[in-house]
Amino acid sequence: MHKTTYTNYEQGKREPPFELMIHLAEFYNVSLDYIAGLTNTPRPLYPAAAPGVGRGCKSSFRADD
């Protein structure tokens with residue numbers, strides 16, 4: 001992801017694609033409600049997983065592109 005793309009997300013100039021939100025929720029093992037800012041409680045997306053352990057992204061998304 002380019003730095004300008006990330007900056008646009010942070011500044012509210014662009015909305016991240018829904019697919020990216022799903023990948024982030026999977027990676028961090030938190031609900032989409034938490035990722036979207038609808039709750040302050042980071043409930044696990046996969047409750048059986050250990051805290052802080054997601055299933056990881058299976059896409060080609062990389063934060064440093």
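1. F18 is exposed, with a relative accessible area of 57%; exposed here means over 50% relative accessible area, buried under 20%, and partly exposed in between, with a 1.4 Å probe and protein chains only. The structure is a predicted model, in which local features need pLDDT of at least 70 and side-chain atom pairs count only at pLDDT 80 or more, while totals for chains, interfaces and linings use all residues. Residues are numbered from 1 along each chain as its sequence is written, and side-chain values use heavy atoms, leaving out hydrogens and water.

2. The protein chain has three helices and zero strands, in the order α-α-α along the sequence. Helices (H or I, at least four residues) and strands (E, at least two) are DSSP runs numbered from the N terminus. Of the 65 residues in the protein chain, 20% are buried. The accessible surface comes to about 5100 Å², with 55% belonging to carbon and sulfur atoms; accessible areas come from the Shrake-Rupley method with a 1.4 Å probe, and for residues only the protein chains shown count as cover.

3. F18 lies in helix α2, residues 18-28. Together with I22 and L32, F18 makes a nonpolar surface patch of about 260 Å². Patch residues have over 30% relative accessible area and no salt bridge; like charges are joined within 9 Å, and nonpolar side chains (Val, Leu, Ile, Met, Phe, Trp, Tyr) within 5 Å. A salt bridge is a side-chain nitrogen of Lys or Arg within 4 Å of a carboxyl oxygen of Asp or Glu.

4. The buried residues of α2 are a separate matter. L20, M21, H23, A25 and E26 are buried in this helix, and the buried residues of α2 pack against α1 (3-10) and α3 (32-36). After α2 comes N29, with a positive phi near 55 degrees.

5. Y9 belongs to helix α1 and counts as buried at 18% relative accessibility. Beyond its neighbours within four places in sequence, Y9 is in contact (heavy atoms within 4.5 Å) with M1, R14, E15, P16, P17 and L20. Across the protein chain, 34% of contacts between residues at least 6 apart in sequence join residues at least 24 apart.

6. The structure holds one aromatic pair. F27 and Y28 form this edge-to-face pair, 4.9 Å centre to centre with 90 degrees between the planes. Rings of Phe, Tyr and Trp (its six-membered ring) pair if their centres lie within 6.5 Å; planes under 30 degrees apart count as stacked, over 60 as edge-to-face and the rest as tilted. F27 is partly exposed at 45% relative accessible area, and Y28 is partly exposed at 48%.
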